[in-house]
Amino acid sequence: MVLERLENNPKPIPIKTDQHADSQSISTPGRHTGTSDIPLTPNGEKRILATGRALVGEGRLIIPRNLAHIYVSPRKRAQRTLELLGLGCKPGGIPWQAHGELAATNCGEKTTTTTTGGTEAGHAEGTEAVVEVAEAVREWDYGEYEGVTSKEIGERRREAGEGQWDIWRDGCPGGESPAQITARLDALIADIRSRFHSHAIGKPKGSVKKPYDVLVVAHGHILRAFAGRWIAKNIADNPSLILDAGGVGTLSYEHHSLDEPAIVLGGAFMSDVVESAKEEREKDGEGRARS
């Protein structure tokens, strides 16, 4: 898929806050923790800080000033993830009491040309996006499997004469079914497209001044289901997607059409920065030639 630079292509950006082994699990790693409100481990915090340094800032995948809205799971591990990304949220912009010190705003790679022909780092510009704690992006409710490992679930089902467990097909007894997950995610996706993307998609580059990117900070199963529903895939068939702890995915549109949602497999995130710096140097050179 080619994203033409002449047109806006709004995107929601899912960030996974945890995986079973990277959360303070109930007793041992590997347990399913949906409703359990557990914190990130120190290792998990280090992963998120590294993600922020690598992917947040001018010229990076997540440009804070381009964010229109941020959806965050109610779980404290997701909220802590947002705090550590270095988005430069304004004072009072986080609707909960901080779980720790906020990371410094990441500058990214934007450069400006100096009078001596060199370059210097750009200003760290934070986000003006509204941060919403959204039940729509909380983790899958595992019901009777809350706090249980996959191995233990398999043993339970064998003893009960049940087949191998597949959450995408079977859901969770006493928790949520694939149909229930689909319903809450479809409502969220419709909200994102109507409120933040419809006004911007397909317009000439630079013509839309209002931010339109959306950030979703949540958890493994729900974000994989979110990506599947973004492209109208039946999650009961298993989206067959993997998102590492602290990982970032990008969803967008093909042909700049709301009717053609797509998953972005990769992108030349630095191209605009390189070309902008080149143009500034060329203009500076032209100015000197005329003087």
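Student: How do the axes of H5 and H6 cross, and at what angle?
Tutor: This is a predicted model. In it, the axes of helix H5 (residues 178-197) and helix H6 (residues 220-230) come within 10 Å. They cross at roughly 65°.

Student: Left-handed or right-handed?
Tutor: Right-handed, as H5 passes H6.

Student: Which residues make the contact?
Tutor: From H5: Ile 181, Thr 182, Arg 184, Leu 185, Asp 186, Leu 188, Ile 189, Ile 192, Arg 193 and His 197. H6 brings Ile 222, Ala 225, Phe 226, Arg 229 and Trp 230.

Student: What's the contact like by class?
Tutor: Nine residues are nonpolar, two polar and four charged.

Student: Where does Arg 193 sit relative to Trp 230?
Tutor: Over the face of the Trp 230 ring, at 4.1 Å from its centre. Trp 230 also belongs to a cluster, linked by ring pairs to Phe 226 and Tyr 253.

Student: Switching to rings, then. How many aromatic pairs are there in the whole structure?
Tutor: Four, from a search of the whole structure. Take Trp 140 and Trp 168: their ring centres are 5.7 Å apart and their planes stand at 80°, so the pair is edge-to-face.

Student: Where do Trp 140 and Trp 168 lie?
Tutor: Trp 140 is in the loop between strand E5 (130-133) and helix H3 (150-159), and Trp 168 is in helix H4 (residues 167-170). So the pair ties together parts 28 residues apart in sequence.

Student: Is Trp 140 buried or exposed? What about Trp 168?
Tutor: Trp 140 counts as buried, at 0% relative accessibility. Trp 168 is at 4%, so it counts as buried too. Another pair is Tyr 145 with Trp 165: centres 5.0 Å apart, planes at 75°, so edge-to-face. That pair links distant parts of the chain, 20 residues apart. Tyr 145 is in the loop between E5 and H3, Trp 165 in the loop between H3 and H4.

Student: Tyr 145 and Trp 165: buried or exposed?
Tutor: Both Tyr 145 and Trp 165 are buried.

Student: Backbone now. What's phi at Asn 238?
Tutor: Near 75°, a positive value in a residue other than glycine. Asn 238 lies in the loop between H6 and strand E7 (251-253). It counts as partly exposed because its relative accessibility is 24%.

Student: And what is phi at His 256?
Tutor: About 55°, positive although His 256 is not a glycine. His 256 is in the loop between E7 and strand E8 (261-263).

Student: Why does His 256 count as buried?
Tutor: Because its relative accessibility is 11%, and buried means under 20%.

How values were computed: Residues numbered from 1 in each chain as written. Predicted model: local features only at pLDDT ≥ 70, side-chain atom pairs only at ≥ 80, totals over all residues. Heavy atoms only, no water. Axes fitted to C-alpha atoms, helices over the stretch in contact; angles between N-to-C directions. Helix = DSSP H or I, 4+ residues; strand = E, 2+ residues; numbered from the N terminus. Left-handed = near helix turned anticlockwise from the far one by under 90°. Contact = heavy atoms within 4.5 Å. Nonpolar A, V, L, I, M, F, W, Y, C, P; charged D, E, K, R; others polar. Phe/Tyr/Trp six-rings, centres within 6.5 Å; stacked < 30°, edge-to-face > 60°. Buried < 20%, exposed > 50% of the residue type's maximum accessible area, 1.4 Å probe, protein only. Lys NZ or Arg CZ within 6 Å of the ring centre and 35° of its normal.
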